[in-house]
Amino acid sequence: MKHKNFGLNEASFEKLVIDLKKNDTYFFEQVFLKQFEETMNYLRREYRSSSEEAYDATMDTLIEFRTRFVDGKLQYGNLRFLFTKIASQMLLRNRKKNTAGIDGETFLSEDADTEPEDLQGLSQLNIAWKSLGEACKQLLTWHFYGKMKLSEIAEETQKTPATIRKQKERCVKKLKDQFGIKTIQSHEG
Amino acid sequence: MKDKLNKLLDPSISKKEEDLIFEEIMKKKHDQDLKTKWREILSTKYGINKESIILKKKNSTSKIIKIFLATAACISLIVAFQFFYNTPPTPYTIAQHYINNQEILHPGASKGITEENQNRILAIHAFNNKNYRQSIKYFQNLNEANDEDVYYYGLALLLNNQYPEAIQKFESNNNDNRFREEINWYQSLAYILDKQNAKAKIVLEQINKTDWNYTQAQELLQKLDSNF
C-alpha cells in the first residue's frame, strides 16, 4: 500500500495535507520531486512526448496535486496511479491547448498556467504583496491558497476568530489599496 | 487577471465575489512561485533542467553544435572516469558506471489491471527496495508475464549481476515490446558486462537517433571500436 502512495502511510499523508494548507511544501517536495524524472520518462515512453512537453506536464501535475491535497479531493489509496493518470491528461491538455487553443479537459481543474496577459497582473500583485507584513502574508496565504477556514487559523495562531476575521479585512484592504495606487500610477504612466 | 484586479477596486463588489477573486489571483501567484522554486530544486538537486532540455531541442537542428556537445560530453565522461579511477575508461567500466549511477525504479503496476498478481506486487516492491535477488524470485513465479514484467525481470537480473540470465531474458523479448528502446540499451550493457562486445556493438547500432540514450550508445560504440 505504501508503494502505491509513494511511500506515504496514512499518518504521513495527513501530515502532508496539513503542511500544504500552511504552504509548507518541504515534505511534499521530498516525496514528489523524486517522481519527476520517472514521470517524465513514462510520458516520453507512453506518449512519445518530447522532454520539454514531459517536463511541463509533470510540473503541472505537481501543481494540480497540491491543489487537490488542500481541496481535500485526494484520498489515501493509490496516489501513484492517479499521479500518472493526471500527468497523462496534463500532457494531452497542453498539446490540445498548443495546437487548437481549446480549454482543458473536464477531468482537470481550472488551468493553472500563466498566460502572457496574466504576467502584468501577476507583476502588479507581486509588488502589492511585498508591501504586506509577514502576518498578513501568512494569513492570506493560509486562507486563500491553503483553504484554511478563519476559525482554523484562529486555533492555529491561538487567537480568537473575531481577531482573525478583523485581521483578514485589514490585510485585504491594504492589498486592495496597493492595487489602487499601482493602477493609478500605471494609468498616469 | 488584470480585469480581476480592477474588479477588486469596484466599491460595489460583494464580499463573496471579493473572496473568490482573491482565491483565484492568490492561486496564480503562489502556483507561479512554487513552479519557480521547484524548477530551481529540480535543477540543483536532481539535475533536471528545463533550459537544458530546450537547448538540447534547439541544438538538434545544428549539426556543428551537436557534434561539439557530443564531444564535450565524451570528454567530460572520460575526464570524470580518469579523475575517479585514475585509469582510462574501458567499455566495461563505462557500462558499470551507467548501471551504478542511474537509479532505476519500477513505476508501479500498469493501469487497467484490476486483479494484480500478488507475485507482481511483491516483485515490484522488492525491485524498488533494490532487493533484486528477491524480486527475481517473484518475477519467476508470475503466471502470465506481460512486456513490462519481462523488461523489469531482465533488469533485476542485470542489476543482480546475473548477466547471462539478463541477456537471455532481454533476448526473449519480441521486437514489438513497448520497452524496446530501454531493452536495447540495457541489453547492450549486459553484453559488455558479460564480455560479449561484438554482440553489444550489434545492439548498440540498432539504437536509432530518436531512441533513448542514442548519444550514450554512440559514445559506447566509439569506445568499443577503439578497444577492438
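Begin by selecting helix α6 of chain B, whose buried residues are covered by, among others, α7 and α8 of chain B. Helices here are DSSP runs of H or I with at least four residues, numbered from the N terminus, and contact means heavy atoms within 4.5 Å. The model is a predicted one, in which local features need pLDDT of at least 70 and side-chain atom pairs count only at pLDDT 80 or more, while totals for chains, interfaces and linings use all residues. Residues are numbered from 1 along each chain as its sequence is written, chains are lettered from A and ligands numbered from 1 in the order in which they are written, and side-chain values use heavy atoms, with hydrogens and water left out.

Within α6(B), which spans residues 118–128, the buried residues are N119(B), R120(B), A123(B), I124(B), A126(B), F127(B) and N128(B); buried means under 20% relative accessible area, with exposed over 50% and partly exposed in between, for a 1.4 Å probe and protein chains only. Just after this helix, select K130(B), which takes a positive phi of about 60°.

Next, show α7(B), residues 132–140, together with α8(B), residues 147–159: their axes come within 9 Å and cross at roughly 145°. Axes are lines fitted to C-alpha atoms, for helices over the stretch in contact, and angles run from 0 to 180 degrees between N-to-C directions. From α7(B), the contact uses Y132(B), S135(B), I136(B), F139(B) and Q140(B), and from α8(B) it uses D149(B), Y152(B), Y153(B), A156(B), L157(B) and L159(B).

Move on to α10(B), residues 180–193, and α11(B), residues 197–205, whose axes come within 7 Å and cross at roughly 165°. The two helices are therefore roughly antiparallel, a term for angles over 145 degrees, whereas those under 35 count as roughly parallel, 65 to 115 as roughly perpendicular and the rest as oblique. To see where they meet, select N184(B), W185(B), Q187(B), S188(B), Y191(B) and I192(B) in α10(B), with N197(B), K199(B), A200(B), V203(B) and L204(B) in α11(B).

Finish at L8(B), which lies in helix α1 of chain B, residues 2–8. Is this residue buried or exposed? L8(B) counts as buried because its relative accessibility is 0%. Apart from neighbours within four places in sequence, L8(B) is in contact with K176(A) and F179(A), and also with I13(B), E18(B), I21(B), F22(B) and I25(B).
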